[in-house]
4 protein chains.
Amino acid sequence: MPTDASLIVRDKLRQFVAERDWGQFHTPKNLASALTVEAAELLENFQWLPTGKPEELNEQARTAIRHEMADVMNYLIMLADTLDVDLFAACQEKIALNALKYPAPLVKGDARKYTQYKR
Amino acid sequence: MPTDASLIVRDKLRQFVAERDWGQFHTPKNLASALTVEAAELLENFQWLPTGKPEELNEQARTAIRHEMADVMNYLIMLADTLDVDLFAACQEKIALNALKYPAPLVKGDARKYTQYKR
Amino acid sequence: MPTDASLIVRDKLRQFVAERDWGQFHTPKNLASALTVEAAELLENFQWLPTGKPEELNEQARTAIRHEMADVMNYLIMLADTLDVDLFAACQEKIALNALKYPAPLVKGDARKYTQYKR
Amino acid sequence: MPTDASLIVRDKLRQFVAERDWGQFHTPKNLASALTVEAAELLENFQWLPTGKPEELNEQARTAIRHEMADVMNYLIMLADTLDVDLFAACQEKIALNALKYPAPLVKGDARKYTQYKR
């Protein structure tokens, strides 16, 4: 993989953690917990919206959402770094698996089938 | 930003969703819910481990973890695409904010301070 | 507090765990992780629904939801047992705190105020 | 079921919600989201602890944990009220199902078996 934006972020995170000597707390389990907590903080911004479509979000909500997305992403990059996972290769691997699991002709535009099949 | 690995994944996800006509279900709120569910499925792999250090993970667990990380990442990319967020710029913005919030000399290696400060 | 339904459940859970010698895995942290995973599994049943109102739930969904609610409740009871928390006293304590935090005249029926105030 | 502590809490919650006219936001989906967010806030108190055993929790942590447990419980009671679920009957139903799924002689004290079987 070419040097890309995620590697720049990974290196900044390595430096951030090293400067604070926080690596000792960053077991994979603890990173996965922290990631889940951040995901829930992201969700919190949507929890009382009637439908959650983009037009229900004002600028303040969009900024909060962007920051929480960054928190999730940063923990994901740290976890991938700890476990030596190539995130984008994993994404493509999973998309290929999902394509087999949910054949387009079978599930196309069908909310009922969509919700029955757990992705 | 240069063409990078995340854009390749974004394009594959756009195609995957279009072929299944699933865009209608992908409000930001629903994507944030799905992302949180996947984060919890990631966490599930660690939930009964004594410490959650890497040496407690066998190959089967590592594969499951890689797949769940990919699920989180894929929803994050779809959410970023829907809300027009530049994920890696957001990551760097948040790291800079956190650097101000947690000055290294103040929080270095101190678990008590570390847990008191909510990141 | 009088003998009530939650104590019957607590005693059944104690027996279930003892028969399997699973208490060794039930640190408060692990129980909190498991509880979060079950909460997300509960949420999964709603994640692609347009609004999530009761009429969008069929019988199959309602059964799955009831079972996931039970999983959350069971972990909550086990965590309360481990930490010696009186759940219902805690509920009333928190309702009283929330009543101070969200005075009815200030927040009544106002979705904007409702979402700004984090509960 | 006899009048018990959970019914007192349910009635207090009904009153709290009615006084604020918040029932309009309390679809089952939104309550399930809010419950998951509170579960994650509970988990947050444990996320950087080495093992998460009770002795790692100071008084401040225990109070925070008790309040988050109450938040989860309160949303669970509101969701049960909305969907007309008898929580404690559901708990007992699920314990009976789990007893069939995880026969004591097969899974006793075995962490490997314990983690393989998803509860």
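Contact here means heavy atoms within 4.5 Å. The structure is a predicted model. By that cut-off, 76 residues of chain B meet 76 residues of chain A. About 6600 Å² is buried between chain B and chain A. Carbon and sulfur atoms account for 71% of that area.

Several helices build the side of chain B that touches chain A. The count of polar contacts between chain B and chain A is 18 residue pairs, both residues being at pLDDT 80 or more. The elements of chain B that supply two or more residues to this side are H1, helix H2 (28-44), H3, H4, helix H5 (104-107) and helix H6 (111-116). H3(B) gives the most, with 17 residues. By class, this side of chain B holds 45 nonpolar, 15 polar and 16 charged residues.

Charged pairs also cross between chain B and chain A. Four salt bridges are counted there. One pair is Lys94(A) with Asp71(B), whose closest N and O atoms lie 2.7 Å apart. Another is Asp71(A) with Lys94(B), where the closest N and O atoms are also 2.7 Å apart. Asp71(A) belongs to helix H3 of chain A, and Lys94(B) belongs to helix H4 (residues 87-101) of chain B, so this pair joins two chains. Asp71(A) and Lys94(B) are both buried. For each of these two residues, the relative accessible area is therefore under 20%.

Other salt bridges lie within a chain. Over all chains, the count comes to 20 salt bridges. In chain A, Arg14(A) forms a salt bridge with Asp81(A), the closest N and O atoms being 2.8 Å apart. Arg14(A) sits in helix H1 (residues 5-20) and Asp81(A) in helix H3 (residues 59-83) of chain A, so the bridge ties together parts that are 67 residues apart in sequence. Arg14(A) has a relative accessible area of 41% and is partly exposed. Asp81(A) is partly exposed too, at 28% relative accessibility.

Chain B has a salt bridge between Arg14(B) and Asp81(B). The closest N and O atoms of Arg14(B) and Asp81(B) are 2.8 Å apart. This pair links distant parts of the chain, with Arg14(B) in helix H1 (residues 5-20) and Asp81(B) in helix H3 (residues 59-83), 67 residues apart. Arg14(B) is partly exposed at a relative accessible area of 41%. Asp81(B), at 28% relative accessibility, also counts as partly exposed.

The area buried between chain D and chain A is about 1400 Å². Carbon and sulfur atoms give 64% of this area. On the chain D side, Val37(D), Gln47(D) and Trp48(D) lose the most area to chain A. Together, Val37(D), Gln47(D) and Trp48(D) make up 43% of what that side buries.

Symmetry relates chain D to chain A. A rotation of 180 degrees superposes chain D on chain A, with 0.0 Å of shift along the axis and an RMSD of 0.0 Å. The two copies are thus related as by a two-fold rotation axis. In chain D, the C-alpha nearest the axis belongs to Ala40(D), at 3.1 Å. The same surface serves both copies, as 100% of the contact residues of chain D recur in chain A.

One further residue of chain D was examined. Glu59(D) lies in helix H3 (residues 59-83) of chain D. Glu59(D) is exposed, with a relative accessible area of 59%. The C-alpha atoms of Glu59(D) and Glu41(D) are separated by 17 Å. Along the chain, Glu59(D) and Glu41(D) are 18 residues apart.

Conventions: Residues are numbered from 1 along each chain as its sequence is written. Chains are lettered from A and ligands numbered from 1 in the order in which they are written. This is a predicted model: local features need pLDDT of at least 70, side-chain atom pairs count only at pLDDT 80 or more; totals for chains, interfaces and linings use all residues. Side-chain values use heavy atoms; hydrogens and water are left out. Buried area is the accessible area (1.4 Å probe) that two parts lose on being put together, summed over both. Copies are superposed by least squares on the C-alpha atoms of residues with pLDDT of at least 70 in both. A salt bridge is a side-chain nitrogen of Lys or Arg within 4 Å of a carboxyl oxygen of Asp or Glu. Helices (H or I, at least four residues) and strands (E, at least two) are DSSP runs, numbered from the N terminus. Buried means under 20% relative accessible area, exposed over 50%, partly exposed in between (1.4 Å probe, protein chains only). A polar contact is a pair of N or O atoms within 3.5 Å; within protein, one must be able to donate a hydrogen and the other to accept it, and residues adjacent in sequence count only if both atoms are side-chain atoms. Ala, Val, Leu, Ile, Met, Phe, Trp, Tyr, Cys and Pro count as nonpolar, Asp, Glu, Lys and Arg as charged, and the others, Gly among them, as polar.
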